[in-house]
Amino acid sequence: MEKQGSTRIQWIALYFLANSDQLMSQKELAVLMNVQDSSLARLVDRMERDGLIKRVENPKDRRIKFLELTEAGYHKMEELMPEGQYFSDLLLENITEEELSTFQNVIHKMLNNIKR
């Protein structure tokens, strides 16, 4: 990712924004990425500065801003997709669907335990 001028966390944000069927708020993105709002705020500021995303007014609540990928953001996402796919394939090599499902279930239970 660094070779393309990006970070793993930026890639994840681009991925979620590009694959959403609707605009999402910063808070919704933070939940999907499992990061603190304050950490995501800094990332969003940098991505907006770099022209990858823009903040869009929520007509129902002016306090909430939606995040939208720009054309440059979609281009960056397409540029990074092969790297992301390579990394994903590398991580999942020799792991069955059943093993992955079990792993995901255990991780979700652990996260729920932490939240309590």
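## Basis of the assignment

Two strands are taken to pair if DSSP finds at least two bridges between them. Helices (H or I, at least four residues) and strands (E, at least two) are DSSP runs, numbered from the N terminus. This is a predicted model, in which local features need pLDDT of at least 70, side-chain atom pairs count only at pLDDT 80 or more, and totals for chains, interfaces and linings use all residues. Residues are numbered from 1 along each chain as its sequence is written, and side-chain values use heavy atoms, without hydrogens and water.

## The sheet

Three strands make up an open antiparallel sheet, ordered S1-S3-S2. Strands S1 (24-25) and S2 (53-57) are its edges, each pairing on one side only. Five bridges join S2 to strand S3 (residues 65-69) in the antiparallel sense; Val56 has Phe66 of S3 as its bridge partner.

## Helices across the sheet

Helix H1 lies across S1, S2 and S3 and runs at about 95° to S3 (axes are lines fitted to C-alpha atoms, for helices over the stretch in contact; angles run from 0 to 180 degrees between N-to-C directions). Helix H3 (residues 37-49) lies across S2 and S3, at about 110° to S2.

## Packing of H1 and H4

Helix H1 (residues 8-18) packs against helix H4 (residues 71-92) at an angle of about 115°, with the axes 10 Å apart. The two helices are therefore roughly perpendicular, a class that covers 65 to 115 degrees.

The contact (heavy atoms within 4.5 Å) involves Trp11, Leu14, Tyr15 and Ala18 of H1, and residues of H4 including Tyr74, Met77 and Leu80.

Definitions and conventions. Parallel < 35°, antiparallel > 145°, perpendicular 65-115°, else oblique.
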